[in-house]
Amino acid sequence: MNAVFSFGRLGALLIKEFIQMRRDRLTFAMMLGVPLMQLVLFGYAINNDPKSLPAALVATGNDHYTRAIVSALQTTDYYRFDHVAGSAAEAEALMAGGKVSFVVAIPADLARRVDRGESPQILVEADATDPSASSGAISTLSTLASRALLRERGLERQAAESAKANLEVIVHRRYNPEGISQYNIVPGLLGVILQMTMVMMTSMALTRETERGTMENLLAMPASPVEIMLGKVLPFLVVGSVQVTVVLVAAKGLFGVPFIGSMPMLLAAILVFVLALVLLGYTISTVARTQMQAMQLTFFFFLPSILLSGFMFPYRGMPGWAQALGEILPLTHFLRVIRAVMLKGADFAAIAPEVAWLAGFVVFFGGLALARFRRTLD
């Protein structure tokens, strides 16, 4: 009669499980890769107080007071003046296209007003589509700019003692003046939901055929790899269109998110984005052998997309290497498109570079999926 418990049998079972784990290399790599990815991204890439935010300067004068104010703003490390706009219209185009987060307008008669003892004004326009990204930089504006002006006039002691400087900084929070976080989160949720569902469902479609043994039937049919891929991909475009409708209606009806831009232009961009996602999912299905592996690979792609795209944390707050990784993620470019169209009313010229990136993803993932399909199923 067998004993109730045997260390020998338990040891044999443990050896069997470790051997099986070693054979499933993808799962083993995920067990190590996901924790390491989380540690690196949360430890080094995430920053809720972004610095070196791109700013545009609109200043027709070049007096020493103007230079002192600009230098003081740059010293805070919040502002990086890498654009000099010749007019307000040019600065508006830069902000609508997401090239800059701030526009600092200094009047040409600033020096004359200061020398006369008047109270000059400067205008700072902030892109407030993401309130958390600009709050820190805005909070430092008035005090630093005023003290810089007083210091330049030789009144440094007064700058330290005066509670109210004689420079008035007018701040305009553009696109989201109330700082409502839902205006930033809800449009981004559309991209997150589409990515999570489209990639996962599509990646599991082909692996399900392989697991059930029906792939041979597909290969026996007089259908080319392109036709098989389109047959698997196109139904999910319909599912994606339903999700887009639900999210956009909820964004307007439940959360009151404004919609300023062109609906046809936004829908066209969404179509390109969804097509890129389903092709990515199809590519994953040619790598994964089981549905579980397909889900694991989808999660491995989904996690950095959430963290590095600018959805959860300010994109400008990440270090350069993290921003470079974010640029190769479709969700990063889609978030810029949908926020620019819905909140800023951007035209096609402003979002054309991001749409070009999405179209490039379509071409890349489509070509890779066809190449992988022919190699793995021959």
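Buried here means under 20% relative accessible area, exposed means over 50%, and partly exposed is in between, using a 1.4 Å probe and protein chains only. This is a predicted model, where local features need pLDDT of at least 70, side-chain atom pairs count only at pLDDT 80 or more, and totals for chains, interfaces and linings use all residues. Residues are numbered from 1 along each chain as its sequence is written, and side-chain values use heavy atoms, with hydrogens and water left out.

View 1. Helices (H or I, at least four residues) and strands (E, at least two) are DSSP runs, numbered from the N terminus. Of the 378 residues, 46% are buried. Take the contacts (heavy atoms within 4.5 Å) between residues at least 6 apart in sequence: 79% of them join residues at least 24 apart.

**View 2. Helix α9 meets helix α13.** Two packed helices are described by the angle between their axes and the distance between the axes. Here α9 covers residues 182-212 and α13 covers residues 291-308; their axes come within 8 Å and cross at roughly 160°. So α9 runs roughly antiparallel to α13, a label for angles over 145 degrees, while under 35 is roughly parallel, 65 to 115 roughly perpendicular and the rest oblique. The axes are lines fitted to C-alpha atoms, for helices over the stretch in contact, and angles run from 0 to 180 degrees between N-to-C directions.

**View 3. Who touches whom between α9 and α13.** On the α9 side, look for residues including Val 192, Gln 195, Met 196 and Val 199. Across from them, α13 brings in Phe 301, Phe 302 and Ser 305, among others. Sorted by class, this contact has 10 nonpolar, six polar and two charged residues. Ala, Val, Leu, Ile, Met, Phe, Trp, Tyr, Cys and Pro count as nonpolar, Asp, Glu, Lys and Arg as charged, and the others, Gly among them, as polar.

**View 4. Zooming in on Gln 195 of helix α9.** Gln 195 is buried, at a relative accessible area of 2%. Beyond its neighbours within four places in sequence, Gln 195 has contacts that include Leu 277, Phe 301, Phe 302 and Leu 331. Phe 273 is 78 residues away along the chain, yet its C-alpha atom is 9.0 Å from that of Gln 195.

**View 5. Leu 190, also a residue of helix α9.** With 1% relative accessibility, Leu 190 is buried too. Not counting residues up to four places away in sequence, Leu 190 touches Gln 243, Val 244, Val 247, Leu 248, Ile 270, Phe 334 and Ile 338.
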